[in-house]
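Let's take a walk through this structure, strand by strand and side chain by side chain. Keep the viewer open as you read.

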Amino acid sequence: PPILLLKRGISGCVLGCGVIGDAFPDNFDAELTQCGYWDVSPNVHWRNVSHVLVSLDWNPQEGLASWKHLLTKIEQEPCEFAALAHPEVSKMVHVQLRLSFCEVAEVKGPINETCVKILAELLDYKLETVKFRSVQELQVEIGDFEAEANYRGTLVLVTDIPASAGKILRGPHRMVLCYGAE
């Protein structure tokens with residue numbers, strides 16, 4: 001199903017919304033799908049998806065210079081993005097929603113690592129990928145990651161977590177946790 005999310009303009013104020021997906025659900029009010037001057041046609045095009053993802057992630061406390069820098073990244077569509085299937089793009093948006101609000105996104109099964117790479121590059125995060133071995137080893141490894149001045153933060157992708165591993169404590173970084181289906 002489509003996701004309706006707000007977009008910010010150059011000044012950081014909300015200027016409209018983007019709809020990620022193929023079509024509105026049948027129970028969507030017809031008036032809502034025709035919002036006059038807003039372009040709210042459901043789509044998964046780079047410009048729409050990237051603008052929504054950047055709008056979700058930016059914090060006004062970072063300042064307008066940071067916001068304008070993120071907006072320039074929208075202009076640079078990664079060549080890998082065109083190869084993504086619609087469900088992969090939708091999953092990437094759902095992951096970003098969780099990261100923006102909870103700083104941890106838990107995923108059942110594998111995730112297309114290209115999606116996470118695109119997301120990290122778009123949002124100016126350093127991507128670290130870790131294969132799960134144990135909770136203790138993961139905590140040590142994550143603790144060793146250091147922030148770098150030319151990034152807004154670190155995004156850690158943890159793969160191959162068995163469902164039996166249980167909850168993983170949140171670290172100092174944003175994390176995408178991929179649990180196996182057991």
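Predicted model: local features only at pLDDT ≥ 70, side-chain atom pairs only at ≥ 80, totals over all residues.

As a reminder, strands of a sheet pair through backbone hydrogen bonds, in either a parallel or an antiparallel way.

Now bring in the rest of the sheet. Four strands make it up, in the order β3-β6-β5-β4, and the sheet is open, with parallel pairing. At the edges sit β3 and β4 (125-131), each of which pairs on one side only. Going from one strand to the next, the twist averages 15 degrees. Lying across β3, β5 and β6 is helix α3, which runs at about 145 degrees to β3.

What does Val-176 touch, leaving aside residues up to four places away in sequence? Its contacts are Val-95, Leu-99, Ala-105, Val-107, Leu-155, Val-156, Leu-157 and Val-158. Val-176 also belongs to the largest nonpolar core, a set of 37 residues, where it is listed with Val-49, Phe-81, Met-92 and Val-95 as having the most contacts inside. The elements giving two or more residues to this core are β1 (3-8), α1 (46-57), α2 (64-74), α3 (86-102), β3 (104-108), α4 (113-122), β5 (153-161) and β6 (174-179). Apart from this one lies another core, of 13 residues, including Phe-132, Phe-145, Val-158 and Tyr-179. As background, nonpolar side chains in soluble globular proteins tend to be buried together.

Next, the rings. There are two aromatic pairs in the structure. Trp-46 and Phe-81 make an edge-to-face one, with 5.0 Å centre to centre and 70 degrees between the planes. This pair links distant parts of the chain, since Trp-46 is in helix α1 and Phe-81 is in the loop between α2 and α3, 35 residues apart. Both Trp-46 and Phe-81 are buried. The other pair is Trp-58 with Trp-67, which is tilted: the centres are 5.2 Å apart and the planes 45 degrees. Are these two tryptophans buried or exposed? Trp-58 has a relative accessible area of 6%, so it counts as buried, and Trp-67, at 0% relative accessibility, is buried as well.

Finally, the charges. A search of the whole structure turns up 11 salt bridges. In one of them, the side chains of Glu-75 and Arg-47 meet at 3.0 Å, N to O. Because Glu-75 lies in the loop between α2 and α3 while Arg-47 is in helix α1, the pair ties together parts that are 28 residues apart in sequence. Glu-75 is exposed, with a relative accessible area of 55%.

Arg-133 counts as exposed at 54% relative accessibility. Its partners both count as partly exposed: Glu-137 at 39% and Glu-141 at 25%. To finish, look for Asp-57, Glu-62, Arg-152 and Arg-174, which are linked in a network of salt bridges.

Methods
Residues numbered from 1 in each chain as written. Heavy atoms only, no water. Core = buried A, V, L, I, M, F, W, Y, C linked by side-chain atoms within 4.5 Å. Buried < 20%, exposed > 50% of the residue type's maximum accessible area, 1.4 Å probe, protein only. Contact = heavy atoms within 4.5 Å. Phe/Tyr/Trp six-rings, centres within 6.5 Å; stacked < 30°, edge-to-face > 60°. Pairing = 2+ DSSP bridges. Axes fitted to C-alpha atoms, helices over the stretch in contact; angles between N-to-C directions. Salt bridge = Lys/Arg side-chain N within 4 Å of Asp/Glu carboxyl O.
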